[in-house]
Amino acid sequence: MALHIHHGFREVPSGILVVSFVGLGTIYLFALLMTFGTPVFAINVYLQLVYFSVLVLSFLGATNWGIAISASARGISVSLWWYLVTACPMALGWLTLVVVSPTIKIVLLSLGFFFTFMLDVSASIRGYAPPWYKNFRKLMTTAVLIAMLLALVAIRSSIMNISLG
C-alpha cells in the first residue's frame with residue numbers, strides 16, 4: 001500500500017515515502033538549525049548535515065547499484081560502466097569529507113545529489129528503475145538542493161563566518 005501524497009506517487013511504496021521524507025526532514029532540520037544559536041552549535045549542526053548528506057549520497061549510489069542488479073535479474077543487460085558509475089556518489093561523499101572549505105563541501109554535496117539524480121533519470125530511461133522512480137527522485141532532489149542552498153546561506157552568514165571564515 002502506498003501513501004497518497006500526490007496522485008503521481010500512488011505507486012511509490014509507503015516505506016520508501018516514509019524513509020525518504022524522514023531523511024529529507026533531517027536534512028532540512030540541520031540546514032535550518034545552522035542559522036540559530038551559538039557558533040559552536042551552528043558548527044556542530046553543519047557537521048551533522050555534512051555527515052548525514054554523505055551517508056545519503058552513499059545510500060543513493062547503492063540504490064542505483066541495487067536497481068541495476070534487479071534489472072539484470074529481469075533480463076535487462078546492464079553494462080560494467082553502470083556499476084562503476086554508481087560508486088561515484090560514495091567517492092564524491094568521501095571527497096567532501098576530505099575538503100576543508102565549508103562552502104566547497106556544500107557545493108560538492110549539491111553536485112553529488114544532482115549527479116545521483118542524473119543516474120536516476122538514466123536508470124528510468126534504460127528501464128532499470130520502476131516507472132514512478134524518476135518523478136519521485138526529481139521531487140526529492142529538488143527539495144534537497146533547496147536545503148543545500150539554505151545551508152550555503154547559513155555558512156555565509158556572520159555566525160558561521162566567525163568560526164569557519
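**Entry 1: a helix pair**

I began with helix 2 and helix 6, and found that their crossing is left-handed (the near helix is turned anticlockwise from the far one by less than a right angle). I am working from a predicted model, where local features need pLDDT of at least 70, side-chain atom pairs count only at pLDDT 80 or more, and totals for chains, interfaces and linings use all residues. Residues are numbered from 1 along each chain as its sequence is written, and side-chain values use heavy atoms, with hydrogens and water left out.

I then looked up the axes: those of helix 2 (residues 39–73) and helix 6 (residues 133–156) come within 12 Å and cross at roughly 160°. The two helices are therefore roughly antiparallel to each other (angles over 145 degrees count as such).

Which residues meet? I found Y46, L49, S53, L60, T63 and I67 in helix 2 against Y133, R137, M148, A151 and I155 in helix 6 (contact means heavy atoms within 4.5 Å). The residues of this contact divide into eight nonpolar, two polar and one charged.

**Entry 2: the largest pocket**

Next I checked the largest pocket, whose volume is about 480 Å³ (the space filled by probe spheres set on the grid points). I counted 21 lining residues, and V19, S20, F59, L60 and R137 lie nearest the pocket's centre (lining residues have an atom within 4 Å of a point).

Where does the lining come from? Helix 1 (14–33), helix 2 and helix 6 each supply at least two residues, and the largest share, seven residues, comes from helix 1. I noted that the lining divides into 16 nonpolar, four polar and one charged.

Notes:
Axes are lines fitted to C-alpha atoms, for helices over the stretch in contact, and angles run from 0 to 180 degrees between N-to-C directions. Helices (H or I, at least four residues) and strands (E, at least two) are DSSP runs, numbered from the N terminus. Angles under 35 degrees count as roughly parallel, over 145 as roughly antiparallel, 65 to 115 as roughly perpendicular and the rest as oblique. Ala, Val, Leu, Ile, Met, Phe, Trp, Tyr, Cys and Pro count as nonpolar, Asp, Glu, Lys and Arg as charged, and the others, Gly among them, as polar. On a 1 Å grid over the protein atoms alone, a cavity is a set of points where a 1.4 Å probe fits but cannot get out, and a pocket is an open set with protein on both sides within 12 Å along at least five of seven lines; lining residues have an atom within 4 Å of a point.
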